[in-house]
Amino acid sequence: MDQNFNPAAAASAKAGRYRWVIVALLFAATAVNYIDRQMIGVLKPTLVAEFGWSETDFAQIVFWFQVAYAIGYIGFGRIVDVVGAKLGYTIAIVIWTAGHVAHGFATGLVSFAAARFGLGVGESGNFPAGIRAVTDWFPQRERAYAIGLFNAGANVGAIITPLLVPALVLWFDWRAAFFITGIFGVAWLVAWWLIYRHPAEHPRVSPAELAWIQQDPADPVEQIGWAKLLTVRETWAYALGKFLIDPVWWFFLFWLPGYLFERYDMDLKTFGLPLAAIYLISDGGSIFGGWMSSRLIKAGRTPNFARKATMFLCAVAVLPIWFAQSLDSVWAAVFIIGLATAAHQAFSANLYTLPSDVFPRGAVGSVVGIGGTVGALGGMGMALFTGYILDKTGGSYEVLFAICASSYLLALAVVHILSPRLAPAAV
């Protein structure tokens, strides 16, 4: 027998591959999500020049997005557990597309904050619905890889935004950029309703593929209340991990465009390519993180070892960003920052998998919602702190990059202390 033969991979291929079409849909939704989310960061220099905002003013706009995200995330976690992925995702994208388009009508700080609040409520449903869909469509051994693939849509959206949006601004204006990109959400919603079904009800899923999807032992599907989940250590392993790493990603997303613009004396025509390159590197990290832990599981290692070994490697890869501000070459900075954002995505893909690893199916959306809310609370604090630091230091990012560098090792330590074996949660 060929020593490279992988029985699990052969069985997966024989079963069918329609579940990967669902991942493609989730990937596309996440790309749209990040185009809409990142536009405020890419347009920051333009909007600051037009409205005269300080760093603290911009931080306030980001803050209200994250307030809404915190509220919406925990709400959508429960909504998705009750109504399922299809309807839950639909509600989310309708709200976030409306909020996104509303930016085009904004006239100042208050109206921008209101539009960001609407966007935050809707966008908070993306990951609870997406992870629930992955839980429904994939066995445990494939979930980290599937989540890594659809999470890579965040980076594709972040790549497209700095390339597309400056062009739209130069061709039309910044208001038109919001109206035109709003079309993407509407187009995705049509595709979602035409394609998505639960695998047991989908005519394109063969009996063999359905058996592959349902290979894990059955778990309870009844709803589990938040009060119970909040007393379980595994909930806090996930939630505190999110609290420590999500603010770093928010910082990258909303302040990197301005950092490149100011630190390397760029303009609307030139800063898009370096920013796109950073998120192109990130895309590889997202896919690699899910692939590595899934590969280790297929090789016979436990999910506990596979997830944490991958997360440790990622945490180490973030450390060089501590010295990013000292780099005078923009492309050296792109490499160091890109390595950190790639490591974040790989780390995040594995952290996102933990609720489906240790909780029954009926609790996954709620746990993801709790974690997202706690992560958004951390992001709210990071936004206000970032605005304060930049205004007080005249634009120095040294302290902020130090926080980025240290957050991931601390997050992994918290996860390991609270869930040392990733054993099933006692709910």
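Let's start with the nonpolar surface patch: Ile79, Val82, Val83, Leu87, Ile91, Ile95 and Trp193 make one of about 540 Å². A patch here is built from residues with over 30% relative accessible area and no salt bridge, with like charges joined within 9 Å and nonpolar side chains (Val, Leu, Ile, Met, Phe, Trp, Tyr) within 5 Å. The accessible areas come from the Shrake-Rupley method with a 1.4 Å probe, and for residues only the protein chains shown count as cover.

Before I go on, a word on what we're looking at. This is a predicted model, where local features need pLDDT of at least 70 and side-chain atom pairs count only at pLDDT 80 or more, while totals for chains, interfaces and linings use all residues. Residues are numbered from 1 along each chain as its sequence is written, and side-chain values use heavy atoms, with hydrogens and water left out.

Back to the patch. Which helices supply it with at least two residues each? Those are α4 (55–83) and α5 (85–102). Trp193 sits in helix α9, residues 174–195. With a relative accessibility of 41%, Trp193 counts as partly exposed. The cut-offs there: buried is under 20% relative accessible area, exposed is over 50%, and partly exposed is in between, with a 1.4 Å probe and protein chains only.

Okay, charges. Side chains of opposite charge can pair when their charged atoms come close. Our rule for a salt bridge is a side-chain nitrogen of Lys or Arg within 4 Å of a carboxyl oxygen of Asp or Glu, and the count by that rule comes to nine.

Take Glu209 and Arg19, a salt bridge whose closest N and O atoms are 3.0 Å apart. Glu209 is in helix α10 (residues 207–213) and Arg19 is in helix α2 (residues 19–42), so this pair ties together parts that are 190 residues apart in sequence. Are these two buried or exposed? Glu209 counts as buried, at 2% relative accessibility, and Arg19 counts as buried too, at 0%.

Next one: Glu55 and Lys44 meet through their side chains in a salt bridge, 3.0 Å from N to O. Here the distant parts being linked are eleven residues apart, with Glu55 in helix α4 and Lys44 in helix α3 (residues 44–51). Both Glu55 and Lys44 are buried.

Then there's Asp328 with Arg263, again a salt bridge with closest N and O atoms 3.0 Å apart. Asp328 is in the loop between α14 (303–318) and α15 (330–358), Arg263 is in helix α12 (residues 233–263), and the two are 65 residues apart. Asp328 counts as exposed at 65% relative accessibility, and Arg263 is partly exposed, with a relative accessible area of 28%. There's also a network: Arg19, Glu142 and Glu209 are joined by salt bridges that share partners.

Now helix packing, with α2 as our reference. Two packed helices are described by the angle between their axes and the distance between the axes. The axes are lines fitted to C-alpha atoms, for helices over the stretch in contact, and angles run from 0 to 180 degrees between N-to-C directions.

So how do α2 and helix α8 (residues 140–171) cross? Their axes come within 6 Å and cross at roughly 40°, and α2 and α8 are therefore oblique to each other. In our terms, under 35 degrees is roughly parallel, over 145 roughly antiparallel, 65 to 115 roughly perpendicular, and the rest oblique. The crossing of α2 and α8 is right-handed; a crossing is right-handed if the near helix is turned clockwise from the far one by less than a right angle, and left-handed if anticlockwise.

With helix α6 (residues 109–123), α2 packs at an angle of about 155°, the axes 11 Å apart. That makes α2 and α6 roughly antiparallel, and their crossing is left-handed.

While we're on α8, have a look at Gly153, which is in that helix. Gly153 counts as buried at 0% relative accessibility.

Last item, backbone angles. Asp265 has a positive phi of about 55° although it is not a glycine. Asp265 is in the loop between α12 and α13 (272–298), and it counts as exposed at 70% relative accessibility. Leu422 has a positive phi as well, near 50°. Leu422 belongs to the segment after α17 (398–418) and counts as buried, at 11% relative accessibility.

Key: Helices (H or I, at least four residues) and strands (E, at least two) are DSSP runs, numbered from the N terminus.
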